[in-house]
Amino acid sequence: MDGPSPPDPRQVFGCRLGYTARQWRRAMDQRLQPFGLTEATWLPLLYVARGHAPMQQNRLADRLGIESSTLVRLIDALDHAGLVKRQTCGDRRARTLHITPRGRLLVEQVEADADAASRQILAGISEAELATALSVFEHICAGLGQERALEPVAGP
């Protein structure tokens, strides 16, 4: 008598993807802890640092896929830590975000550490496998009704 048949990959994919994402986030949060950051505060800081021009808060919320009210709390923490500053532009309701010199230095330090962590975590996975995984993520985002996944940024 044969044993149980293996589960359908389509049935376990979502659980595995969620589990992997949580483990990745936990590992990155541990790496970011000495810097006083979490992934939740790191990503907005990275987007502001990488912007070619000051970024409006509502645009950043869209890029991160979070509600503006959630972003406000994250920006409050980054502002309080002296890593970003807000400026009013024209319309008093619209604010732009600017990275401070302290924030830029922190980004450089964290990027180096996060790059080392990513290389360690992804060791043994070929470039072709990574390219395939990224392609799968893009297809999943398309299936979820999103035009594309988050814009690529280096770091956690």
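This is a predicted model: local features need pLDDT of at least 70, side-chain atom pairs count only at pLDDT 80 or more; totals for chains, interfaces and linings use all residues.
The largest nonpolar core comprises 23 residues. Leu37, Trp42, Leu45, Leu60, Ile75, Leu78 and Val107 have the most contacts inside it. At least two core residues come from each of helix 2 (39–50), helix 3 (57–64), helix 4 (68–80), strand 3 (91–99) and helix 5 (101–121). Helix 2 gives the largest share, seven residues. Beyond its neighbours within four places in sequence, Leu78 touches Leu37, Thr41, Pro44, Leu45, Leu83 and Val84.

Helix 4 has 13 residues and spans 18 Å from first to last C-alpha, close to the 18 Å expected at 1.5 Å a residue. Its buried residues are Leu71, Leu74, Ile75 and Leu78. Viewed down the axis of helix 4, these fall within an arc of 100°, so they line one face. The face turned away from the buried side carries exposed Arg73 and His80. Gly82 follows helix 4 and has a positive phi, near 75°.

Six salt bridges are found in the whole structure. Arg25 pairs with Glu39, with the closest N and O atoms 3.2 Å apart. This pair links helix 1 (residues 9–32) to helix 2, across 14 residues. Arg25 is partly exposed, at 39% relative accessible area, whereas Glu39 is buried, at 14%. A salt bridge also joins Glu111 and Arg50 (2.1 Å, N to O). Glu111 lies in helix 5 and Arg50 in helix 2, 61 residues apart. Within helix 5, Arg119 and Asp115 are four residues apart, about one turn. Their side chains form a salt bridge at 3.1 Å, N to O. Asp76, Asp79 and Arg86 are linked in a salt-bridge network.

How values were computed. Residues are numbered from 1 along each chain as its sequence is written. Side-chain values use heavy atoms; hydrogens and water are left out. A nonpolar core is a set of buried Ala, Val, Leu, Ile, Met, Phe, Trp, Tyr and Cys residues joined through side-chain atoms within 4.5 Å. Buried means under 20% relative accessible area, exposed over 50%, partly exposed in between (1.4 Å probe, protein chains only). Contact means heavy atoms within 4.5 Å. The expected span of a helix is 1.5 Å times one less than its number of residues. The arc is that of the directions from the helix axis to the C-beta atoms. A salt bridge is a side-chain nitrogen of Lys or Arg within 4 Å of a carboxyl oxygen of Asp or Glu.
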